[in-house]
Amino acid sequence: MTLSAAWPVRRALTAEAGSALPAFIDHHVHLHLIDPAPLARRGIAAVVDLGGDPFALARRPSGLPRTSFAGAFLTVPGGYPDGRSWAPPSVVRFVTDVSRHPGVSGGARTAVDEQADAGASVIKVALHADAGPMLSDATLAAVVASAAERGLPVVAHAQGPGQVDRAIEAGVAVLAHTPFDAPVSRRTVAQAVAAGQSWISTLDIHRGADRERAIANLRAFAARGGRVLYGTDLGNGPLPVGINRRELLALVQAGVRGDALVTALTDPWPRTTPIDAVSTFVAGDTPIHDDEVATWLSRATVVPTEELTRVD
């Protein structure tokens, strides 16, 4: 098997032979719940924080991992994730007014502006029907429109009856999780793909029936050409800090293999250009079989691109 994005290289400092690939990104993390220090040496060059304190995220030092973020979850009082032990008040903002005028207390535009002004690259909304009240349709529409005015896509935690369809209809660009609580109909999958929606994988946080449904839903989405982003929801339970081999194996099970798997890992979203100056290095020969690729990729580390010399 050939991975078109991989090329043979030798590391200048160690003379170790292996393959270079574009930088890997975890598209769903929560930095306030982890120590991010090991990420780069374990293969992750960049992350997308999908729910944190916007001011703390804005103050993060430059360097690795390069960080894009959504800022706080936009929700309503008593709605997910309000009151969770892992979600202090600093990571939640209540939207109680549909107003798209700047500065209105509790207004949709005010909440979006706060995250955008802190440097957010995306806006996160909570659509969790099984966990209390949610944003109304009108408020959700106001958030999506306000985000569009700031040039930002909206990502949603969509869970519970009808929430995936609701996200599609509202123009939500990305689902923070592959739907896992129920099978997604072929019609809904087709609508999501036609709308250009992306799904972040987060398969390994599930066990049992939820895991099987998530894999089946992602398989259907990917088979129709849906854009899949590698993401782990790092911070949610005992997940490895770095490339998650179990997540990769679950993606392979969902039919995201070979070049498609590498694309899910290296898609620059929400950036529009690839990560520069650093590359992924994986020692040893490129695997021949699909089922070996996940294990091989899980041995990746991040290195300066200038340290790698291409060999024939």
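Tutor: Let's start with pairing: two strands pair if DSSP finds at least two bridges between them, and strands themselves (E, at least two residues) and helices (H or I, at least four) are DSSP runs numbered from the N terminus. As for the source, this is a predicted model, where local features need pLDDT of at least 70 and side-chain atom pairs count only at pLDDT 80 or more, while totals for chains, interfaces and linings use all residues. Residues are numbered from 1 along each chain as its sequence is written, and side-chain values use heavy atoms, with hydrogens and water left out.

Student: What makes E13 and strand E14 a pair?

Tutor: Four bridges link E13 to E14 (residues 301-304), in the antiparallel sense, and pairing asks for at least two. Within this pair, Phe281 stands opposite Thr301 in E14. Strand E2 (residues 17-21) is also joined to E13 by four bridges, again antiparallel, with Ser19 having Val282 as its bridge partner.

Student: Why is strand E13 called largely enclosed?

Tutor: Buried means under 20% relative accessible area, exposed over 50% and partly exposed in between, using a 1.4 Å probe and protein chains only. Five of the six residues of E13 (residues 278-283) are buried, so the rest of the structure largely encloses this strand.

Student: Why does Asn217 count as buried?

Tutor: Asn217, a residue of helix H6 (residues 208-223), has 4% relative accessibility, so it counts as buried.

Student: Which residues lie nearest the centre of the largest pocket?

Tutor: Tyr80, Trp86, His177, Asp233 and Asn236, out of 16 lining residues. A pocket is an open set of points on a 1 Å grid over the protein atoms alone, where a 1.4 Å probe fits, with protein on both sides within 12 Å along at least five of seven lines; lining residues have an atom within 4 Å of a point.
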